[in-house]
Amino acid sequence: MGDSRNLLAEQRRALILDEVRRRGGVRVNELTRTLRVSDMTVRRDLDILARQGVVAKVHGGAVPVVDASTHEPGFEAKSALELTAKEDIARTAAEFVVPGSAIALSGGTTTYALAQHLVDVPDLTVVTNSVRVADVFHAAQPAMPLGGHRAGAATVVLTGGVRTPSDSLVGPVADQAIRSLHFDVLFLGVHGISVEAGLSTPNLAEAETNRHFVQAARRVVVIADHTKWGTVGLSSFATLEQVDTLVTDAGLSGAARDEIGERLSELVVAGAAGEAPESG
């Protein structure tokens, strides 16, 4: 994992999580030597990761959570992970949005980050099944007399449906709303992405809602940080071939980039130090 003495806490926890997933478990004494931090610091990091639901603490260390294919962390837990990567991805993905277009944003913490970069894009129509995303656009509206609407402000359509732990709305009501619409671009957050399973989620109802999103979009842009690669949820809802563009971060390995490049027409890597975003 390299010299980690000067890492921010967020980066250090991301390294620990990657190591747990890669090796199937880690010991505290190994992490203290590798990261060159105190035993107390490592244990505090493991406590935080355990509260977020991404590792399970065991005597002397930690292991990945059991039944990862069906485990669905809440919005707050996921929002604390990969903050820098999500911000890089959101900033880059926002460049795909044209004023006056109709776009869709699925639920998730990365689409939530993207929404914050879109509030000043004029005349957007935004369809979303995310309560959090809708709240971003609502909060950006200044108070207007008599319920007025700021010129150029986004028109937001919230699908309705049953709320998931990640604050997405899913189920028949959401599906019906999406089936009747058409989007220029869909920005899709995912729980997992892999060659074999494609795009997947631990929530069966959310998988069905996401299928309708994909079918209704002229262009599908997946926005997912590197930790999503190789993760497989309970239910697949799209193949890699149905994705037009993947926007991810510089943490994605070279081997993964090669695999993705063979199947997707466009891979955009955001946040590479000292470099412009990479397309392939």
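Biologist: Where does pLDDT stay under 50?

Modeller: That happens over residues 1-5. For that stretch the model has 11 contacts beyond four places in sequence. Keep in mind that this is a predicted model.

Biologist: And what is the mean pLDDT of the protein?

Modeller: The mean is 85, and 85% of the residues reach 70 or more.

Biologist: Okay, on to helix packing. At what angle do helix 1 and helix 3 pack?

Modeller: Helix 1, residues 9-23, and helix 3, residues 39-51, pack at an angle of about 75 degrees, and their axes are 10 Å apart. Angles of 65 to 115 degrees count as roughly perpendicular, so helix 1 and helix 3 are roughly perpendicular to each other.

Biologist: Which residues make that contact?

Modeller: From helix 1 you have Arg12, Arg13, Ile16 and Leu17, and helix 3 brings Thr41, Asp45, Leu46, Ile48 and Leu49. By class, the contact of helix 1 with helix 3 has 5 nonpolar, 1 polar and 3 charged residues.

Biologist: What about helix 8 and helix 9, how far apart are their axes?

Modeller: Their axes are 9 Å apart, and helix 8 (residues 172-179) packs with helix 9 (residues 204-216) at an angle of about 5 degrees. That makes helix 8 roughly parallel to helix 9. On the helix 8 side the contact is made by Ala174, Asp175, Ile178 and Arg179, and on the helix 9 side by Glu208, Thr209, His212, Phe213 and Ala216.

Biologist: How does that contact split by class?

Modeller: Between helix 8 and helix 9 there are 4 nonpolar, 2 polar and 3 charged residues.

Biologist: Changing topic: how many cavities of 30 Å³ or more does a search of the whole structure find?

Modeller: The search finds 1. The largest cavity has a volume of about 40 Å³.

Biologist: What lines the largest cavity?

Modeller: The lining is Ile193, Ala224, Asp225, His226, Trp229, Leu246, Thr248, Leu252 and Ile260. By class, that lining has 6 nonpolar, 2 polar and 1 charged residues.

Biologist: Last one, on the backbone. What is phi of Arg36?

Modeller: Phi of Arg36 is near 60 degrees, a positive value in a residue other than glycine. Arg36 sits in the loop between helix 2 (28-35) and helix 3. For context, most residues other than glycine have a negative phi.

Biologist: And where is Asp123?

Modeller: Asp123 is in the loop between helix 6 (109-116) and strand 5 (125-128). Asp123 also has a positive phi, of about 60 degrees, although it is not a glycine.

Conventions. Residues numbered from 1 in each chain as written. Predicted model: local features only at pLDDT ≥ 70, side-chain atom pairs only at ≥ 80, totals over all residues. Heavy atoms only, no water. Axes fitted to C-alpha atoms, helices over the stretch in contact; angles between N-to-C directions. Helix = DSSP H or I, 4+ residues; strand = E, 2+ residues; numbered from the N terminus. Parallel < 35°, antiparallel > 145°, perpendicular 65-115°, else oblique. Contact = heavy atoms within 4.5 Å. Nonpolar A, V, L, I, M, F, W, Y, C, P; charged D, E, K, R; others polar. pLDDT = per-residue confidence, 0-100. 1 Å grid on protein atoms, 1.4 Å probe; cavity = no way out; pocket = protein on both sides within 12 Å on 5 of 7 lines; lining within 4 Å. Points joined across faces, edges and corners; volume = space filled by probe spheres on them.
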